[in-house]
Amino acid sequence: MIPHVNTLSPQHLLEQLRWRYATKQFDANKEIPADTWSAIEDSLVLTPSSFGLQPWHFVVITNQETKKALLPHSWNQTQVTDCSHFVVLSAKINPDEADVDEFLNRTIEVRGGDLESLQGYRDMMLGFMNKMSPEERLHWAKNQTYIALGQLMSTAATLGIDACPMEGIVPAEFDRILKLTEKGLTTSVACALGYRSVKDSYANASKVRFDKKDLISNL
Ligand SMILES: Cc1cc2nc3c(=O)[nH]c(=O)nc-3n(C[C@H](O)[C@H](O)[C@H](O)COP(=O)(O)O)c2cc1C
């Protein structure tokens, strides 16, 4: 067991979060090393979600042809083609009872126990989900993917990897190119990751944030 220690100082954390910015121009010649990328993928997997249901799938694209196919459906933002790894965060279109059971089976596989002892939890999750319309369920699933996006960006920044979160995309076209619809998935948001180009002037722009006192109330 790893002892609980503060491995990252508050100063170091803030240094990394101030260092990060939505990268507009990546250095197309730089690739994220395999061990670093592997840790980023593990971080995505570790993202928490409501009830733990993980109603998502993450598509990692390094193939240049696929990136090029997505470019015109990304407002021609060149981050898509110049980044090292392009991640499409997709949500389950209609999370249902089968997804709840898949999750419960996984819980039993990991923690032991049986379905009977999880019946109360099952009923609670289904009660929550059955109250929602299909549109609301999709909206809820997409909300979960934004938690993964936040985790992805913070993880990348902590590791000194640049990223650009991207909503400037056409989800329907992404779904078609990546064949997501037939898997019951739909594109929610994307994120390009890699290394900033020395030419990207945005790297030196001051952060525009409201004052802490206006954003946080300490009661
Ligand atoms: C969900 C989301 C979607 C975004 N979509 C885009 C995008 O498509 N293209 C882009 O250049 N920046 C995009 N951004 C970047 C924001 O404009 C940027 O994060 C914001 O202006 C704050 O600046 P900073 O990230 O550099 O601190 C997006 C950010 C978020 C969180």
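This is a predicted model: local features need pLDDT of at least 70, side-chain atom pairs count only at pLDDT 80 or more; totals for chains, interfaces and linings use all residues.
Residues are numbered from 1 along each chain as its sequence is written.

Strand β3 covers residues 162-166, and four of its five residues are buried. A residue is called buried if 20 or more other C-beta atoms lie within 10 Å of its own, exposed if 12 or fewer do, and partly exposed in between, with C-beta atoms placed from the backbone. Strands are DSSP runs of E with at least two residues, helices are runs of H or I with at least four residues, and both are numbered from the N terminus. Strand β4, residues 185-194, pairs with β3 in the antiparallel sense over five bridges; two strands are said to pair if DSSP finds at least two bridges between them.

The helices come next. Two packed helices are described by the angle between their axes and the distance between the axes. Helix α2 (residues 34-45) and helix α7 (residues 134-158) have axes that come within 9 Å and cross at roughly 150 degrees. Because of this angle, α2 is roughly antiparallel to α7. The axes are lines fitted to C-alpha atoms over the stretch in contact, with angles running from 0 to 180 degrees between N-to-C directions; those over 145 degrees count as roughly antiparallel. The contact is made by Ile40, Ser43 and Leu44 of α2 together with Ala148, Gln151, Leu152, Thr155 and Ala156 of α7, contact meaning that the C-beta atoms, placed from the backbone, lie within 7 Å. These residues divide into five nonpolar, three polar and no charged. In this division Ala, Val, Leu, Ile, Met, Phe, Trp, Tyr, Cys and Pro count as nonpolar, Asp, Glu, Lys and Arg as charged, and the others, Gly among them, as polar.

A second pair consists of helix α5 (residues 97-111) and helix α6 (residues 119-130), whose axes come within 10 Å and cross at roughly 150 degrees. The angle therefore makes α5 roughly antiparallel to α6. Here Glu97, Val100 and Leu104 in α5 meet Arg122, Met125 and Leu126 in α6. The residues of this contact comprise four nonpolar, no polar and two charged.

Several loop residues complete the picture. Gln54, in the loop between α2 and β1 (56-61), has a positive phi of about 50 degrees although it is not a glycine. Gln54 is buried because 20 other C-beta atoms lie within 10 Å. Lys179 also is not a glycine and has a positive phi, of about 55 degrees. Lys179 is placed in the loop between α8 and β4, and with 10 C-beta neighbours inside 10 Å it counts as exposed.

Lys183 is likewise found in the loop between α8 (171-177) and β4. Lys183 has 13 C-beta neighbours inside 10 Å and so counts as partly exposed. Glu31, in the loop between α1 (10-19) and α2, is partly exposed with 15 other C-beta atoms within 10 Å. Glu31 and Arg20 are eleven residues apart in sequence and 18 Å apart in space, C-alpha to C-alpha.

Methods:
Angles under 35 degrees count as roughly parallel, over 145 as roughly antiparallel, 65 to 115 as roughly perpendicular and the rest as oblique. Two residues are in contact if their C-beta atoms, placed from the backbone, lie within 7 Å.
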